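Look at the model first, then read on.

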Number of protein chains: 4
Amino acid sequence: MKQTIKAGIVGGTGYTGVELLRLLVQHPHVELSAITSRGEAGTPVADMFPSLRGRCPLRFETPDAAGLEKCDVVFFATPNGVAMQQAPALLDAGARVVDLSADFRISDIAEWEKWYGMKHASPEWVAKAVYGLPEANREEIRSARLLANPGCYPTAVQLGLLPLVETGCVDLEHLIADAKSGVSGAGRKAEVHTLFSEASDNFKAYGVPGHRHLPEILQGLTRTARAHGVQQRLGLTFVPHLTPMIRGMCATMYARIGDERDFQSLFESRYADEAFVDVMPPKAHPETRSVRAANLCRIAVHRPQNGDTLVILSVIDNLMKGAAGQAIQNMNIMYGFEEQTGLCQLPVLP
Amino acid sequence: MKQTIKAGIVGGTGYTGVELLRLLVQHPHVELSAITSRGEAGTPVADMFPSLRGRCPLRFETPDAAGLEKCDVVFFATPNGVAMQQAPALLDAGARVVDLSADFRISDIAEWEKWYGMKHASPEWVAKAVYGLPEANREEIRSARLLANPGCYPTAVQLGLLPLVETGCVDLEHLIADAKSGVSGAGRKAEVHTLFSEASDNFKAYGVPGHRHLPEILQGLTRTARAHGVQQRLGLTFVPHLTPMIRGMCATMYARIGDERDFQSLFESRYADEAFVDVMPPKAHPETRSVRAANLCRIAVHRPQNGDTLVILSVIDNLMKGAAGQAIQNMNIMYGFEEQTGLCQLPVLP
Amino acid sequence: MKQTIKAGIVGGTGYTGVELLRLLVQHPHVELSAITSRGEAGTPVADMFPSLRGRCPLRFETPDAAGLEKCDVVFFATPNGVAMQQAPALLDAGARVVDLSADFRISDIAEWEKWYGMKHASPEWVAKAVYGLPEANREEIRSARLLANPGCYPTAVQLGLLPLVETGCVDLEHLIADAKSGVSGAGRKAEVHTLFSEASDNFKAYGVPGHRHLPEILQGLTRTARAHGVQQRLGLTFVPHLTPMIRGMCATMYARIGDERDFQSLFESRYADEAFVDVMPPKAHPETRSVRAANLCRIAVHRPQNGDTLVILSVIDNLMKGAAGQAIQNMNIMYGFEEQTGLCQLPVLP
Amino acid sequence: MKQTIKAGIVGGTGYTGVELLRLLVQHPHVELSAITSRGEAGTPVADMFPSLRGRCPLRFETPDAAGLEKCDVVFFATPNGVAMQQAPALLDAGARVVDLSADFRISDIAEWEKWYGMKHASPEWVAKAVYGLPEANREEIRSARLLANPGCYPTAVQLGLLPLVETGCVDLEHLIADAKSGVSGAGRKAEVHTLFSEASDNFKAYGVPGHRHLPEILQGLTRTARAHGVQQRLGLTFVPHLTPMIRGMCATMYARIGDERDFQSLFESRYADEAFVDVMPPKAHPETRSVRAANLCRIAVHRPQNGDTLVILSVIDNLMKGAAGQAIQNMNIMYGFEEQTGLCQLPVLP
């Protein structure tokens, strides 16, 4: 089981790409074989990301020249719409695929097409894809050939709501998730709204009329509910915000209590065996920096003034537990490695 | 009516103090006579705040030496617990007082003492104080001798909820306000948690079990409801967060719809005559920087997926409409000046 | 003389554009008539810059439709290479032009073409243009028809070195200027290197082999030296750095002392009559925030350990004294308005 | 040689303390035995630094109770003046000490007392202490009992100047170091000037009349020069600046060329065998984030316009190569561990 696998990355010029590189370069069971970028073919990876100087000898290659089909596992860190085009050939060639984009996350093709504004190129692989939130469906992940790695908001929100949804102890039809993301969540594209001079010293909500992560969250929570025999209808008001920090995500969730219980214990026991979820003590306020650069979700459970509304706080690093870290966690599960392998970095604070 | 009044400031070494100075120095009807600070007595104001070099010739003085009783109006920009000790003597001497601290905001003395952890020194003046949210109670402000200037969260939240509370068209018992503040809201005290290296590149909730601004908001909203004949019980879950920016506050509010109506129009007509509240067009997302350094509240009204939950976004500059700007607005009303006098600064963007 | 002039802006979608708008909207002698942007024609200015909602009713227009030739003064806030194409026609039509780009700053056409990488379209107007650093050449500015507004680095560096260059009291051949700029200096273009996630929590030098502002600074200092009868050869090592703040610029300058004198007095007397230059007391360390959003340069003079090297600190807001504020100052001089008109904003601190 | 050593930390509540903890918890040859703090005795370390939850079971202890004398190595991460009081007893008990404060850095006791404003408590140990800049004096470090870990500015500046000083090829009497530090360099003390609202969106020089790191740098460079037979007098103008980022330091150094040579090659060959110094290619501009959270110094060598002035850029993470990382590097050398042990973290970017 302690073999070494060959890994490739498609589209490694974004933030999830460079974070994957940081993790894979240090992973003891992975040989990083190839990384592709049409636009940067020929450029040494360390020229684009000087943080990797001396640690990553690869150059970006064109997809054709990279020999990805010889990899055991290929990560897609591409914009939406690319993996659905290129992953099937690699899968047919025998590689396993971890897709960090949204292409295979939503089972309902029509719903996906509505939110992502394009026709899906590979509905048949959507049906075979496994959604990779290990804390919700670890067993399915083990045998996944095509793994759909969750979005950052869906990770933070689902981990914060899973124990409530599994038990049906709150009003599931009127859940509220008020989420705040660091700017790296918007990617490394040159756009005005994420310029330093626009996003710094500023705070705003966005996507209030509708955000692509809403159907993904609802699908995940509904599956979880049904798997636990909970039949309530689910509804979620989801409001994302942009906050002036590089990494980090905080979801503040509100749920009206239905059945009384000890909610702190509910969360603690639910996540007792999870290495990457930390339920903090009562009255705690998790900070995003307490998980910076680490594959962790920290959660706190509050019931203000002992009223009828629960407040759940959930923080992650959007590039780690919200993207690349979770992808490695999924890879570890898929290949039977110890789940924490290569993911023991301590958070960087301050 | 276009006379000039003499103004004094007690406790001008904090952020609301220096913001008051910025505004008063430029106000055409104000002569700034004195500013006190026990700790800094003798220091030229411009030595502490070099932004004022050449524009403010005053020195900090001890309260005894400052001659505040000869001022027409005295602003308290002090920590909680100071104004209730010192304001009564000035009021008795004939000055009018604008208190930017919390000492006179809560009518229920027991409630105030519970949240602020001290015995109130001047309950009789609490009964005479006027709460200064001009958009809610402008008429009372005109004749106020002691004005209790609202807190920053209470300003952003109340302005976002006033039209709903006045009409009772939502479930008032289960209101939710998820609020995010820039770090200057914590003041200019030397404390670890607001150090740059702690608060930068970080996001967190705080005070979830209970925050002092909760009773102030509930009192304000309840008064408004009752004044409009709305008898519903009011309840609010209020969660403040610290966001890494200097100035700015965004409150995201959630309310379950009771009676249907055109909510956009409701807000537009409610604030049509208010110079300092801007209801933005449908689907807008106000940014905190769009009000930076200006006395403004911008509001947007959303109803995601046409569901049963309203989302109200409200942004202010916590030091302006949330503190010093509103204090000047109240002063203008109290002295019969044009309400916008000295408050026409355009927001500083970027 | 207290007339009102009509002003137009070409290219108002960048940061110098919106800063000009902020200043012109509040200027008592200016009627803002037109603002052009090919890309945004038809868009209300306040839609792009919500900070201007309710304060600027203009829409962006195409250059053809805007009627700029009917303006008294036209500001170019365009990328380099535009003003040299469009300004001559406006000048011929009788408008006066203030160009905030670099097109008319360098008298030596070959030198300009080398640094800016294009052929100059209007050498004849370069010869007629007046360089607009009021503290160096106020008299020429009064009658300028085409004013070349200085760059931000050249403003901070020249103001810090003028007294030394005019007196020739230091080794002018080996001047060093180590300058640090906020990110807004790079403009509002969508580029990767100025994204929040790239520029935040980061510091770097750039352009060390050569930066376009070097020849502009050398030209300005050389003219000043010669005008004061100083014949030393001038040489400058100029290293710009990018620092993670929106606005602000700090130039730290090093000069080897030649002739002894009281350098503090030299600076104080040189700038005694300048409204926008503040020489701070000995041992002071000016902060960029002490001039944030204001048209000011603050300077401190140091001689560490009483050695043979002077250290001059000079801070400005790059969008104000480094761009739009200085443009308004120049306009005031050109039209005989009081030089401080519309430029009395107090710095915004914090 | 691959034994495990017991380590203790005195004063672990600051930023160098928590960074030491992050590194020691993950070091394969270290057992972390004790950490002291008078003020926090009894508090679990993970309560103060939630980033360590689940990874560090220690509690802060009083110095008396901690049993530090049983440690193999004790790190002092204390304010200046503490180690000189407490280290001698531990040294006498047989422990080796790595002092991250300034107590043992300066050999000249009178000079130290002048800059640090107190009487030195242990001059005899100053004489025995070894200055721990491995790239300059690795051999001495191997047998050090008391190691004086360099300051952050001295590390960045000395590494940038060593090759020039060792060869005497520049004017050593007029060196200039213009250095910029992130705010964590000021420590985790509650002080007004490092509050987020003071230090954010701001840039300033400080300590221009004289900074404590100046004599440390001069001592280090002079020793290096003399050890290489270079007899020039050394002089340095050193100007530190505060820049709004948490971690990171950039020193920009200026030196007048004396003897011509290929300076790029000089630097490359000088550092060819150093694991923690990276000489970048010609025309490179190292960014502080390229070393964030890693024990690295990246250097670039420039000669603008092929003139007579060299510009050297040197970046480090002030808490890593500038403090805790270098301390671990020194510990590795002292105990004969592979020098890179526990220091292979990749920089965190973005």
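Glu139(A) counts as exposed, because its relative accessibility is 55% and the cut-off for exposed is over 50%. This is a predicted model. Glu139(A) forms a salt bridge with Arg142(A). Their closest N and O atoms are 3.0 Å apart. Both residues sit in helix H6 of chain A, which covers residues 134-142. They are three residues apart, or about one turn of the helix. Arg142(A) has a relative accessible area of 41%, so it is partly exposed.

Next comes a pair that joins two chains. The side chains of Asp178(B) and Lys180(A) meet in a salt bridge, at 3.1 Å from N to O. Asp178(B) belongs to strand E8 of chain B, and Lys180(A) to strand E8 of chain A, so the pair joins two chains. In each chain, strand E8 spans residues 175-181.

Asp201(B) and Arg292(A) form another salt bridge through their side chains, at 3.3 Å from N to O. This pair also crosses between chains. Asp201(B) lies in the loop between helix H8 (196-199) and strand E9 (204-205) of chain B. Arg292(A) lies in the loop between strand E12 (277-279) and strand E13 (297-302) of chain A. Asp201(B) has a relative accessible area of 8%, so it is buried. Arg292(A) is buried as well, at 9% relative accessibility.

Some salt bridges share partners. They join Arg188(A), Glu198(C), Lys204(C), Glu287(D) and Arg289(D) into one network.

| Salt bridge | N to O distance |
|---|---|
| Glu139(A) and Arg142(A) | 3.0 Å |
| Asp178(B) and Lys180(A) | 3.1 Å |
| Asp201(B) and Arg292(A) | 3.3 Å |

How many salt bridges does a search of the whole structure find? Over all chains, the search finds 90.

Now turn to chain C. Where is Thr78(C) found? Thr78(C) is in the loop between strand E4 (73-76) and helix H3 (83-92). Its relative accessibility is 13%, so Thr78(C) counts as buried. The cut-off for buried is under 20%. Which residues does Thr78(C) contact, leaving aside neighbours within four places in sequence? They are Val10(C), Gly11(C), Ala83(C) and Ser101(C).

How values were computed: Residues numbered from 1 in each chain as written. Chains lettered and ligands numbered in written order. Predicted model: local features only at pLDDT ≥ 70, side-chain atom pairs only at ≥ 80, totals over all residues. Heavy atoms only, no water. Helix = DSSP H or I, 4+ residues; strand = E, 2+ residues; numbered from the N terminus. Buried < 20%, exposed > 50% of the residue type's maximum accessible area, 1.4 Å probe, protein only. Contact = heavy atoms within 4.5 Å. Salt bridge = Lys/Arg side-chain N within 4 Å of Asp/Glu carboxyl O.
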